[in-house]
Amino acid sequence: MNKIWAELVDHRRSTSATTIADLFQNNPSRFQSFSAESDGILLDYSKTTLDETALELLLELAEQADLSARITEMFRGDQINVTEARSVLHTALRRQGDTPVLVAGEDVMPEIRHTLQRMESFAGAVRSG
């Protein structure tokens, strides 16, 4: 994985003077190549300095890091925060509905909903003075 990082750093150094305008001039169909849409949400990364080489290297890095497995572990509530030795709960904070999120066999959603309600009350009190 360090080899890919080094290649990414070298590639960025060699393309640092390239502008987004240059990339569009060299590839008029850049928007089609560097954007994706799903469920009515458009991800447009054509207006970044990402090029084909950098994209290939990033995809290789994701594969070597087994990113798809890490994503599955995150949604499952596994302990993937190695620094704090705990689960990451990004998905639980944004979860709508009553689907449980289990961490060590315990549904954390009731506590998350309670904390979000307290935050909402606090923010309302701040706004109303």
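V108 touches L89, V101 and V103, leaving aside residues up to four places away in sequence. In this predicted model, V108 also belongs to the largest nonpolar core, whose five residues are A92, V101, V108, M109 and I112. In soluble globular proteins, nonpolar side chains tend to be buried together.

**Helix 4: extent and ends**
- Helix 4 spans residues 52-64, a run of 13 residues.
- From its first C-alpha to its last, helix 4 reaches 18 Å, close to the 18 Å expected at 1.5 Å a residue.
- After helix 4 comes D66, which has a positive phi near 55 degrees.

- The residues A54, L57 and L61 of helix 4 are buried.
- These residues lie on the same side of helix 4 because they cover an arc of only 65 degrees around the axis.
- An α-helix has 3.6 residues a turn, so residues three or four places apart point the same way.
- The buried residues of helix 4 pack against helix 1 (2-15).
- Exposed residues E56, L59 and E63 are carried on the face of helix 4 turned away from its buried side.

**Hairpin of strands 1 and 2**
- Strand 1 (residues 35-38) pairs with strand 2 (residues 41-44) in the antiparallel sense, over four bridges.
- S38 has I41, in strand 2, as its bridge partner.
- Two residues stand between the strands of this hairpin, where D39 takes a positive phi near 50 degrees.

Notes: Residues numbered from 1 in each chain as written. Predicted model: local features only at pLDDT ≥ 70, side-chain atom pairs only at ≥ 80, totals over all residues. Heavy atoms only, no water. Expected span 1.5 Å × (residues − 1). Buried < 20%, exposed > 50% of the residue type's maximum accessible area, 1.4 Å probe, protein only. Arc of directions from axis to C-beta. Contact = heavy atoms within 4.5 Å. Core = buried A, V, L, I, M, F, W, Y, C linked by side-chain atoms within 4.5 Å. Pairing = 2+ DSSP bridges.
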